[in-house]
Amino acid sequence: MTQSAAMDGAEKAQMPKQIPYIIANEGCERFSFYGMRNILTPFLITSLLLSMPEELRKGMAKEVFHTFVIGVYFFPLLGGWLADRFFGKYNTVLWLSLVYCCGHACLAIFENNRNGFYTGLFLIALGSGGIKPLVTSFVGDQFDQSNRSLAQKVFDGFYWIINFGSFFASLLMPFFLKEFGASIAFGIPGVLMLIATIIFWSGRTKYIHVPPAPRDPHSFLNVVRTALTTNVPGQARSGYFMAVAGVLLAIGSMFLIPKVGIVAALCLALVLVLGFGGMGAWMQLERARGIHPDAAVDGVRSVLRILVVFALVTPFWSLFDQKASTWVLQADQMTKPSWFQSAQMQALNPLLVMLLIPFNNIVLYPLLKRNGVELTALRRMGAGIAFSGLAWIVVGFMQLAIDGGNALEITWQILPYALLTFGEVLVSTTGLEFAYSQAPLAMKGVIMSFWNLSVTIGNLWVLLANSSVKSAAVTEQIKATGMSVTAFQMFFFAGFALFAAFLFALYARGYTMQNNYRQAK
């Protein structure tokens, strides 16, 4: 196809008419999710955990919050697997949305009962996490090669509506919690989730339904299993022993349960199995050729390369999700009007996202392109990770000022929010389309699940860091620096992100982009 023909095709591409149903569903669902998520830490501190000693309450609230987030971004693995192998994306999203609604009901009913409330958090994590990769990949399914040029715009719009819902939830729900109590504050997001489910169901006859892939003898896991277990005479089995080492280390991580908790220990075990198993499969992947088609083996190698990208993004999420925990707790120490709640500061994030997405697409990216700077997907993501590190350097210095007895206005948090949000736009909006476009056709749901799993691992780093500072020896070493534990952790996470951005840039230089959209009919 000539360049002019390609341009004519792009101009004639039609936006799928079913997209508004998915976008409207996502806007309501995101209001629902962020409405409860952004008041979770304040509610835990001021209500559910009041029976705990005050000095332990904030730490426990952060632990509950990040454990919940880990669950939200772990269950995409289950949702992606069910959709890709059994029920399809539409049915899986619809059924898990009903589970999601039940979770909200539990939060509203059991505001004074820990077991009931935690059950609600589990159901929301299952429902929200289970549908998370599917709605995104379901959007991608509505496009083909004839109109894929519109997909990035829709993914940007998709992310814009997410933040539209998040903005009003972040602004209003802390007020409702304070004025009307937990039942109303947690009940309103439940009603929005029910509306979201109804909207999604209403478009059922208009969607493109990509059926679940049949059981494949040359699937990703089968190829990996063959590569690891095939013994070639005269060749070492380094990859196999690498994978075995990962399994043994994963088993050993169970001994950390008393220190870090069962959720963090299980997530660490998963990371060890994936990391060592992936490296082992890469080392011996050529052994699968001849047993499996070349296309299947090359597809596995492509997926493993994608997973390295996802792994390098995990430090970004460890910084980003703490705006709803660590940054809210810092805001509690800052001066502000009596009517303003610390959690309301989070509304600045989605507001900035809604402004930055059109600004980047209309002004920044074209301007850079005219000046010879091409911001590829991977360059955007690497820069986004770096900006998150800069944001945490700023909050670190703010914490030093607070610890030194200086009264800081809460408006000082605007700068780190701006830096973190700019990084989020570069990472998240780009990452959604990157994950879908790079995934082999038979693994769209699972690859999107791995993208969400990167958020789980990011929050795992937070739990492990918080657990490490509970050690008296570590605390004494931090005090020797002259900083508080909170300030030290802020600078630690900043350095963590900047180092990850450096590694990301090195890896991105050798990555070959793929085009895995389905063919036009």
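**Around the largest pocket**

Modeller: The cover over the buried residues of α9 includes α10 (238-253), α12 (262-284) and α13 (294-320), where contact means heavy atoms within 4.5 Å. Those buried residues of α9, the helix of residues 220-229, are Phe220, Val223, Val224, Thr226, Ala227 and Leu228; buried means under 20% relative accessible area, exposed over 50%, and partly exposed in between, with a 1.4 Å probe and protein chains only. Helices (H or I, at least four residues) and strands (E, at least two) are DSSP runs, numbered from the N terminus.

Before going further, please keep in mind that this is a predicted model, in which local features need pLDDT of at least 70 and side-chain atom pairs count only at pLDDT 80 or more, while totals for chains, interfaces and linings use all residues. Residues are numbered from 1 along each chain as its sequence is written, and side-chain values use heavy atoms, with hydrogens and water left out. The chain has an average pLDDT (the predictor's confidence in each residue, from 0 to 100) of 86, and 93% of the residues score at least 70. Residues 1-10 are the stretch to read with care, with a pLDDT below 50 and three contacts in the model beyond near neighbours in sequence.

Now to your question: of the 49 residues that line the largest pocket, Phe220, Leu274, Gly278, Leu307 and Phe450 lie nearest its centre. Two or more lining residues come from each of α5 (76-109), α9, α10, α12, α13, α18 (444-468) and α20 (485-508), and α12 gives the largest share, ten residues. The pocket holds about 1,400 Å³ of space. On a 1 Å grid over the protein atoms alone, a pocket is an open set of points with protein on both sides within 12 Å along at least five of seven lines, a cavity is a set where a 1.4 Å probe fits but cannot get out, and lining residues have an atom within 4 Å of a point. Grid points are joined across faces, edges and corners, and a volume is the space filled by probe spheres set on the points.

Gly246 sits in helix α10 and is buried, with a relative accessible area of 0%; apart from neighbours within four places in sequence, Gly246 is in contact with Leu272, Val273 and Phe276. From Gly246 to Leu172, 74 residues apart in sequence, the C-alpha atoms are 46 Å apart in space. Leu460, in helix α18, also counts as buried at 0% relative accessibility, and beyond neighbours within four places in sequence Leu460 has contacts with Ile70, Ala264, Cys267, Leu268 and Val271. Although Leu460 and Ala250 are 210 residues apart along the chain, their C-alpha atoms are separated by 15 Å.

The largest cavity has a volume of about 420 Å³, and among its 31 lining residues Arg30, Tyr34, Tyr73, Lys132 and Tyr159 are the closest to its centre. Its lining takes two or more residues from each of α2 (19-37), α6 (114-141), α7 (151-180), α13, α15 (348-370), α17 (414-438) and α18. Lys132 also lies over the face of Phe33, at 5.2 Å from the ring centre; a charge sits over a ring if NZ of Lys or CZ of Arg is within 6 Å of the ring centre and within 35 degrees of the ring normal. The charged end of Arg237 is likewise placed over the ring of Tyr240, 4.2 Å from its centre.

Trp81 and Phe86 form an edge-to-face pair, because their ring centres are 5.1 Å apart and their planes stand at 80°; rings of Phe, Tyr and Trp (its six-membered ring) pair if their centres lie within 6.5 Å, with planes under 30 degrees apart counted as stacked, over 60 as edge-to-face and the rest as tilted. Trp81 is partly exposed at 43% relative accessible area, and Phe86 is partly exposed at 41%. Elsewhere, ring pairs join Trp327, Trp392, Tyr417, Phe492, Phe493 and Phe496 into a cluster.
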